[in-house]
Amino acid sequence: MHNQRNFLLERERSKSHCRKVDLCDNQCHHCESHCKEDSCHKQDPCDKKDPCHKWSALDPTMDHPMHFDNDSTINQEASGQLKNVQQSSECIVIKDSCDVDVQSTDTQAAVNIQVALQAAIALVISISIADTNAGDEITQDLFAKLKSSQVNKQQLYIENSRGVNVTTTDTDIAVNAQILLQVLIALVVRLDVL
Amino acid sequence: MSNNNGFENFSTQIIDMLVDTTLKKHGAKLDAEKLDSQDKERIRNLVESLKQSVDDLTRVRKEEGNQEKEKG
């Protein structure tokens, strides 16, 4: 019952908001479509593209703020991938302990290999495709498909312990590097390099 | 071992399809003629170097895994 009241209240708010700016027969056609004339709709100042215009869940004609007409995986910034890789981190804390043996894969080396592979893929595509924009889009598309849990955080906390052996491995990055290498090889084979 | 080889072939096929479909989607084609012999040699060295680095990383990971099994 409480939810139903809220729903009605929001509906009234939505109507009143649109009516304030409406010039066409005191009705906002996006909120209540009574008028069928196109000319009338063209004069509608209730601009849905205006960022200041609050999105209403009750208005079926309004696009959701997270809705994009184009493929968002292509439009993302080129630096996004590298940013994700840099988020890989490892934290080891050993306190009031002795005889502790920690073996850890060099995460930084793994990250460097991954970045180098990504750079090599981008390089091969950019020098072998004439259209720069198409090359950038293909690179983005490939990286977007290959993005797999690149955010990897390992935290290890050892306190008041003796004779502890710990082995940590950044498996995600190792696997991802193998896949990137396969993509790079697939590209260079098509260029008669290998 | 044979299962591992089978998986590698399967993985290679998937990657090949991924690259092909991505290029097709954008109507682009990799032009081998844009690369001269020097470029190809440099790319070949780059790929070999990266392959060696990834193999080293994978080998370290496998060795660590085996050590864990032995200890466990």
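How many residues of chain A are in contact with residues of chain B? The answer is 44 residues of chain A, which touch 36 residues of chain B, where contact means heavy atoms within 4.5 Å. This is a predicted model, in which local features need pLDDT of at least 70 and side-chain atom pairs count only at pLDDT 80 or more, while totals for chains, interfaces and linings use all residues. Residues are numbered from 1 along each chain as its sequence is written, chains are lettered from A and ligands numbered from 1 in the order in which they are written, and side-chain values use heavy atoms, with hydrogens and water left out.

**Chain A at a glance**

- Chain A has seven helices and four strands; these are DSSP runs numbered from the N terminus, with helices being H or I of at least four residues and strands E of at least two.
- Along the sequence, the elements of chain A come in the order α-α-α-α-β-β-α-α-β-β-α.
- Chain A has 194 residues, and 34% of them count as buried (under 20% relative accessible area; exposed is over 50% and partly exposed lies in between, with a 1.4 Å probe and protein chains only).
- Among the contacts in chain A with a separation of 6 or more, 64% are between residues 24 or more positions apart.

**Where the two chains meet**

- About 3,600 Å² is buried between chain A and chain B, and carbon and sulfur atoms give 70% of that area; buried area is the accessible area (1.4 Å probe) that two parts lose on being put together, summed over both.
- Eight residue pairs, both at pLDDT 80 or more, are in polar contact between chain A and chain B. Such a contact is a pair of N or O atoms within 3.5 Å; within protein, one must be able to donate a hydrogen and the other to accept it, and residues adjacent in sequence count only if both atoms are side-chain atoms.
- On the side of chain A that touches chain B, the elements giving two or more residues are β2 (98-104), α5 (107-128), α6 (132-146), β4 (162-168) and α7 (171-190).
- The element that gives the most to this side is α7(A), with 15 residues.
- Sorted by class, this side of chain A has 28 nonpolar, 10 polar and six charged residues. Here Ala, Val, Leu, Ile, Met, Phe, Trp, Tyr, Cys and Pro count as nonpolar, Asp, Glu, Lys and Arg as charged, and the others, Gly among them, as polar.

**Salt bridges between the chains**

- Over all chains, the structure holds six salt bridges (a side-chain nitrogen of Lys or Arg within 4 Å of a carboxyl oxygen of Asp or Glu).
- Three salt bridges are found across the interface of chain A and chain B.
- One of them pairs A:R190 with B:D16, with the closest N and O atoms 3.6 Å apart. A:R190, B:D16 and B:D20 are linked in a network of salt bridges.
- A:D141 and B:K25 also meet through their side chains in a salt bridge, at 2.9 Å from N to O. This pair joins two chains because A:D141 lies in helix α6 of chain A and B:K25 in helix α1 (residues 2-25) of chain B.
- A:D141 is buried at 2% relative accessibility, whereas B:K25 is partly exposed at 47%.

**Salt bridges within chain B**

- B:D55 and B:K51 form a salt bridge, their closest N and O atoms being 3.8 Å apart. They are four residues apart in helix α2 (residues 37-71) of chain B, so about one helical turn separates them.
- B:D55 is partly exposed at 38% relative accessibility, and B:K51 is partly exposed at 32%.
- B:D56 forms a salt bridge with B:R59, with 3.2 Å between the closest N and O atoms. Both lie in helix α2 of chain B, three residues apart, or about one turn of the helix.

**A buried leucine in chain A**

- A:L142 is found in helix α6 of chain A and is buried, with a relative accessible area of 1%.
- Apart from its neighbours within four places in sequence, A:L142 is in contact with A:I125, A:V183, B:L18 and B:T22.

**Two paired strands**

- Strands β1 (residues 89-95) and β3 of chain A run parallel and are joined by seven bridges; two strands pair if DSSP finds at least two bridges between them.
- A:I92 stands opposite A:L156 in β3(A).
- On strand β3 (residues 153-159) of chain A, the covered face has A:Q154, A:L156 and A:I158, and the uncovered face has A:K153, A:Q155, A:Y157 and A:E159.
- In a regular strand, side chains alternate between the two faces of the sheet.
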